[in-house]
Amino acid sequence: MAEGSSASRFLRTTGQHAVIEPDTYTEGGFVLSIGGAEQSHVDLADPSDIFYEYLRRIGHMVDLAAPWGEPVTALHLGAGALTLARYIQATRPGSLQYAVELERELLDFVLEQLPLPEGTRLHTIIGDARGALAELPADLRFDVVILDIFSGPEAPEHLACTEFYEEAAALLTERGVLIVNVGDEPGLTLVRSQVAALRRAMTDVAAFAEAGMFTGRYPGNIILAGTRKPWPAEWTAALAARGPHPAKVLAGVELDQLSA
């Protein structure tokens, strides 16, 4: 994409316009907006530098999923500007990644305007996140599955449920982690329901976010992570230390405060 220019694309599925424009504060940075709302940020100059706080937290969870620098298999449900796919390629070269996106025009637009780093092994699937699971190679298992679709009461019921999490969990390797970004309103009704749903599908579950989010007084994002093995205590310490700060992690009995 030419420096200083912007581009737009009409998205037929939602009837909205997507716009990609330079970030005036970050050299090499670009912002994807959909329907006038900022949706993603990409730093083409340094894909390992993630601008949005909640995405940085997800990146830190990916960092713990396998030894540092080791390639992983990753599935992105909700592609956006492929910020996390770029991050994984930058920090774990050679990783095999799949991305599922409902909006064909959006994925084409992003790949055209913001090309992926050289060497990225990314396969794209157009369709609903749950339906697309059946289109994946039958023998493929993922170290990381990232769901970044939910936003408050508009979360799709067929995704925000135990049955979907069970289907996603079946795609994980033994060390695999299912990471869910939940955008919610004060009261955290959706977060509580998703903690309960994940707990029924996974061996263990943790939640991490900006510390103030757990008071339930503010809108924002809470990241949930489900594992096929007991949640390691050292992961709690690592996520809290890596921030962004102030950071808080709830796991084990501490997570009961977010029970539905």
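Arg-130 is partly exposed, with a relative accessible area of 22%; here buried means under 20% relative accessible area, exposed over 50%, and partly exposed in between (1.4 Å probe, protein chains only). The model is predicted: local features need pLDDT of at least 70, side-chain atom pairs count only at pLDDT 80 or more, and totals for chains, interfaces and linings use all residues. Residues are numbered from 1 along each chain as its sequence is written, and side-chain values use heavy atoms, leaving out hydrogens and water.

Arg-130 forms a salt bridge with Glu-167 (2.7 Å, N to O), the term denoting a side-chain nitrogen of Lys or Arg within 4 Å of a carboxyl oxygen of Asp or Glu. Because Glu-167 lies in helix 5 (residues 162-169) and Arg-130 in helix 4 (residues 129-132), this pair ties together parts that are 37 residues apart in sequence. Helices (H or I, at least four residues) and strands (E, at least two) are DSSP runs, numbered from the N terminus. Glu-167 is also partly exposed, at 34% relative accessibility.

The whole structure contains 9 salt bridges. In another of them, Arg-9 meets Glu-112 at 3.1 Å, N to O. Arg-9 belongs to strand 1 (residues 7-11) and Glu-112 to helix 3 (residues 104-113), and the two are 103 residues apart.

A further salt bridge joins Asp-256 and Arg-199, whose closest N and O atoms are 3.0 Å apart. Asp-256 lies in the segment after strand 12 (247-251) and Arg-199 in helix 6 (residues 189-201), so parts 57 residues apart in sequence are tied together. Finally, salt bridges that share partners join Glu-70, Asp-143 and Arg-175 into one network.
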